[in-house]
Amino acid sequence: LDCMRLLRKSNATEQSIQVAVALSDELLHVTGCVATLVLDLLKPGGGQVFQRPDDALCTHTHADFIGSMRGAWAAARQLARIQGVNVSFDGRWRLMKDGQPVQHITGRSAGGAATLGWYHAFSRTVVDPKLIVLAQISGPDRPTLGEATDGADYKLDGVGGMAAKVKAVAADGRFDTIVVASDGNQAEGE
């Protein structure tokens, strides 16, 4: 249904934001890289969030990553709504590395960066290009639409693979601030 809806001429990209995310290999967390999460607000919209349909044939996306994108979308919408910002959009995301869609996506660790990016898209503010968030978002699970309920508590939590991610961020050279959500991640990152 998302693919069909995107083909309608009435949908337009209202806002697009890119945020950096650090990834590590799935099993051993030995190697890491920095990728780009592209986040689009589409109008008109009713609050749905989904992966960019043209990536569907080249990207295998695990349910945990999809859940993290839905949680990030819901948390950012909730925060923007509380601040009186219009959230009447749909959201679309894609994960890119070296100009190409990432082929295999798993884990929840991009959720914190996605929350920051979605919030900036809603509020039409600029993401600090020297900041990277290494945290996952947790909160109520709404697997259908990722819709937030008023009063729902979302929080940032720690992530795995910190050593590999921090090495990748340091090697990238663009960042001067790394945001983490747990004492353990801070100690490991330092």
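Predicted model: local features only at pLDDT ≥ 70, side-chain atom pairs only at ≥ 80, totals over all residues.
Trainee: Which element holds H120?
Mentor: Helices here are DSSP runs of H or I with at least four residues; strands are runs of E with at least two, and numbering starts at the N terminus. H120 lies in one such run, helix 3.

Trainee: Which residues does H120 touch, not counting those up to four places away in sequence?
Mentor: Contact means heavy atoms within 4.5 Å. With sequence neighbours up to four places away left out, H120 touches I17, T125, V126 and V127.

Trainee: How far apart are the end C-alpha atoms of helix 2?
Mentor: Helix 2 covers residues 63-82, which is 20 residues. The expected span is 1.5 Å times one less than the number of residues. That gives 28 Å, and the model agrees, because the end C-alpha atoms are apart by 28 Å.

Trainee: How many residues are in the largest nonpolar core?
Mentor: A nonpolar core is a set of buried Ala, Val, Leu, Ile, Met, Phe, Trp, Tyr and Cys residues, joined through side-chain atoms within 4.5 Å. V21, L37, W93, L95, W118 and F122 have the most contacts inside the largest one. Its residue count is 35.

Trainee: Which element gives the most to this core?
Mentor: Strand 1 (12-24), strand 2 (32-43), helix 2, strand 5 (90-97) and helix 3 (111-123) each supply at least two residues. The top contribution is eight residues, and it comes from helix 2.

Trainee: How many residues make up the other core, which lies apart?
Mentor: A22, L134, A168 and V169 are among them. The residue count of this other core is eleven.

Trainee: How many disulfides does the structure hold?
Mentor: A disulfide needs a pair of cysteine sulfur atoms within 2.5 Å. C33, at 22% relative accessibility, is partly exposed. C58 is partly exposed too, at 37%. The disulfide count is zero.

Trainee: What is the N to O distance in the salt bridge between R124 and E14?
Mentor: A salt bridge puts a side-chain nitrogen of Lys or Arg within 4 Å of a carboxyl oxygen of Asp or Glu. R124 is in the loop between helix 3 and strand 8 (131-134), E14 is in strand 1, and they are 110 residues apart. The N to O distance is 2.4 Å.

Trainee: Which residues are linked with K43 in a network of salt bridges?
Mentor: The structure holds eight salt bridges. In the network with K43, the linked residues are E14 and R124.

Trainee: Which residue forms a salt bridge with R94?
Mentor: R94 lies in strand 5, and its partner sits in the loop between strand 3 (49-51) and strand 4 (60-61), so the pair ties together parts 39 residues apart in sequence. The closest N and O atoms are 2.6 Å apart, and the partner is D55.

Terms used
Residues numbered from 1 in each chain as written. Heavy atoms only, no water. Buried < 20%, exposed > 50% of the residue type's maximum accessible area, 1.4 Å probe, protein only.
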